[in-house]
Amino acid sequence: MDEPRRAPASSCCHDPRGAGPGTAPARTDPVCGMQLQPPQAHGPVVHQGTEFWFCCPGCRQRFLEAPERYLEPQRPAGAELPAGAASAVYTCPMHPEVRQQGPGSCRICGMALEPAAPLAGEPAEDPELRDMTRRFWVSLALGVPLFAIAMADMLPGAPLARVLAPAALPWVQLVLASPVVLWGAWPLLVRGWQSVRSRHLNMFTLIGLGVAVAYLYSVFATVAPGLLPESYRAHGVGQVYFEAAAAITVLVLLGQVLELRARQRTGAALRELMELVPPSARRLDAQGNEHEVPLAAVRVGDRLRVRPGEKVPVDGVVLEGTSFVDESMLTGEPIPVEKGPGERVTGGTVNGRGSFVMRAERVGRDTLLARIIELVAHAQRSRAPIQQLADRVAAWFVPAVIAVAALAAVLWAVLGPEPRIAHAVLSAVSVLIIACPCALGLATPMSIVVAVGRGAHEGVLVKEAAALQALAQLDTIVVDKTGTLTEGRPRLEQVVAVGELGERELLRLAASLERASEHPLGEAIVRGAEEQGCSSRRRRTSPRTPARG
């Protein structure tokens with residue numbers, strides 16, 4: 001590795017979105033994940049034949065000290081990856097500029113990265129969701145009795161004191177709390193440490209501080225209670241906060257499980273869109289012979305045959321044959337559209353009972369359906385204007401809490417009673433324990449992810465998160481076609497008979513005529529007649545008219 005002159009470390013990681021456009025291709029800072037242009041970058045540093053650029057001298061310095069740390073994706077130990085995940089590009093929901101090959105954790109906020117585009121194929125079980133769920137249930141199982149023991153002295157008659165001596169209670173709590181903190185909360189502590197190491201303080205910083213400080217202080221109070229002030233002891237036993245560390249861990253793990261489940265449902269909505277594309281196509285060679293090939297093998301200009309009932313594989317133009325194509329997945333219109341030579345067809349739409357030969361014009365990522373999927377995925381990662389407020393609050397809140405804890409320690413150390421140092425430490429611990437909100441930095445981005453994913457599942461595409469936020473201010477919505485807000489399938493609502501025929505007889509005759517029709521309106525009439533008990537297979541006498549021969 002060629003090492004240019006090292007610049008002094010700096011904690012400033014510039015946001016490349018504020019930089020002007022450059023002519024050179026964008027580079028990714030391997031330390032903080034920022035996207036940047038070489039004219040605004042620091043470097044380069046050549047490592048194992050690859051050139052790396054950095055957003056500031058600080059990131060460059062940290063890379064020079066331990067390059068392997070930033071070149072290997074981080075993921076939970078023992079977590080297997082779904083097919084294609086190792087080579088896929090992953091990004092952070094809160095910081096879209098962070099991108100890397102394979103899953104891992106965001107270097108800025110500590111959140112788990114998600115695929116920039118949905119992975120093809122059957123969705124594998126999320127290893128992180130399974131791991132977090134297991135940690136949550138084990139922590140909950142140990143945390144409930146731990147909390148009961150901590151609150152036992154508040155029960156009338158103190159029943160637990162009759163079974164265990166007061167000096168044994170802290171040791172029992174230590175045994176229950178240690179697996180919760182050292183195993184259940186370990187991913188949270190790692191993310192908190194990463195935020196300190198990368199100098200991007202966030203909610204995991206406070207969570208890690210609160211859990212670690214409460215647990216370490218309680219261990220100290222259990223092992224050496226005689227070193228605590230008399231006001232922090234009862235019957236010679238120090239006051240411990242094992243239940244606080246466990247409660248914080250359980251609640252944050254619950255939030256992580258809910259978040260991962262929401263993201264999994266969002267990914268399922270995108271995979272449903274991907275399933276609209278058939279896995280293969282029927283390609284015709286120069287002699288007119290038909291061969292079934294994977295969709296990835298289709299190239300622009302290939303001639304493809306679409307049989308009755310099949311999905312159109314790619315975007316193209318009909319060359320031979322005519323048919324009716326159901327384009328409701330694009331337009332919402334339930335009535336199939338007739339397609340003949342020269343007419344355009346779209347990948348993912350459903351062919352009727354006819355057969356035709358088409359020429360492929362747009363394949364792969366260039367098809368309309370692929371662009372729709374990419375649009376939905378981009379909208380899920382886009383940032384609403386209100387997120388800027390949440391980010392500013394989070395950026396100031398974490399340092400403010402740490403400053404308040406330090407101020408409380410200083411005031412107690414200077415003005416408090418003896419032993420002042422012990423009171424100062426305990427006051428700082430109290431501030432850090434209670435200031436552990438994790439929802440501030442997660443609520444806004446997760447609401448956008450879930451809303452956009454749910455909209456995609458219902459057929460509503462949101463282009464940007466800003467549009468989703470602006471939707472709350474609307475008072476009138478104008479739609480231009482049937483099927484946008486309806487089920488997209490005609491249904492018989494009412495029959496009005498004019499003349500001698502009764503309504504049931506009129507409906508029966510109409511259903512008899514439409515029984516062989518494939519038109520959606522004809523199918524609606526037949527379905528409505530069956531629902532009202534008007535069989536169209538035999539004649540029935542109307543109660544208002546005589547039978548006719």
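Student: Where does threonine 367 lie?

Tutor: Threonine 367 is in the loop between β18 and α9 (368–381). Helices here are DSSP runs of H or I with at least four residues, strands are runs of E with at least two, and both are numbered from the N terminus. The model is predicted, so local features need pLDDT of at least 70 and side-chain atom pairs count only at pLDDT 80 or more, while totals for chains, interfaces and linings use all residues. Residues are numbered from 1 along each chain as its sequence is written, and side-chain values use heavy atoms, with hydrogens and water left out.

Student: Why does threonine 367 count as buried?

Tutor: Buried means under 20% relative accessible area, exposed means over 50%, and partly exposed is in between (1.4 Å probe, protein chains only). Threonine 367 has 9% relative accessibility, so the residue counts as buried.

Student: Which residues does threonine 367 touch?

Tutor: Leaving out residues up to four places away in sequence, threonine 367 touches Val314, Asp315 and Arg362. A contact means heavy atoms within 4.5 Å.

Student: What makes alanine 244 buried?

Tutor: Its relative accessible area is 17%, so alanine 244 is buried. Alanine 244 belongs to helix α7 (residues 242–274). The C-alpha atoms of alanine 244 and leucine 146 are separated by 9.8 Å, and these residues are 98 residues apart along the chain.

Student: Why are α6 and α11 called oblique to each other?

Tutor: Axes are lines fitted to C-alpha atoms, for helices over the stretch in contact, and angles run from 0 to 180 degrees between N-to-C directions. Angles under 35 degrees count as roughly parallel, over 145 as roughly antiparallel, 65 to 115 as roughly perpendicular, and the rest as oblique. Helix α6 (residues 203–223) and helix α11 (residues 420–434) cross at roughly 140°, with axes that come within 8 Å. The two helices are therefore oblique to each other. On the α6 side the contact is made by Leu209, Gly210, Val213, Ala214 and Tyr217, and on the α11 side by Leu426, Val429, Leu432 and Ile433.

Student: In which sense does α6 pass α11, left-handed or right-handed?

Tutor: The crossing of α6 and α11 is left-handed. That term applies if the near helix is turned anticlockwise from the far one by less than a right angle, and right-handed applies if clockwise.

Student: What makes α14 oblique to α15?

Tutor: Helix α14 (residues 503–514) packs against helix α15 (residues 520–531) at an angle of about 135°, with the axes 9 Å apart. That angle makes α14 oblique to α15. Here too, α14 passes α15 in a left-handed crossing. Leu507, Ala510, Ala511 and Glu514 in α14 meet residues of α15, including Ile525 and Val526.

Student: How do you know that β13 and β18 pair?

Tutor: Two strands pair if DSSP finds at least two bridges between them. Strand β13 (residues 315–320) and strand β18 (residues 356–362) have five bridges, in the antiparallel sense. Valine 317 stands opposite arginine 359 in β18. β13 also pairs with strand β16 (residues 344–345) in the antiparallel sense, over two bridges, and there valine 317 stands opposite arginine 344.

Student: Why are β15 and β17 called edge strands?

Tutor: Three strands form an open antiparallel sheet in the order β15-β14-β17. β15 (337–339) and β17 (350–351) each pair on one side only, and these are the edge strands. Strand β14 (residues 323–326) pairs with β17 over two bridges in the antiparallel sense, and aspartate 326 stands opposite valine 350 in β17.
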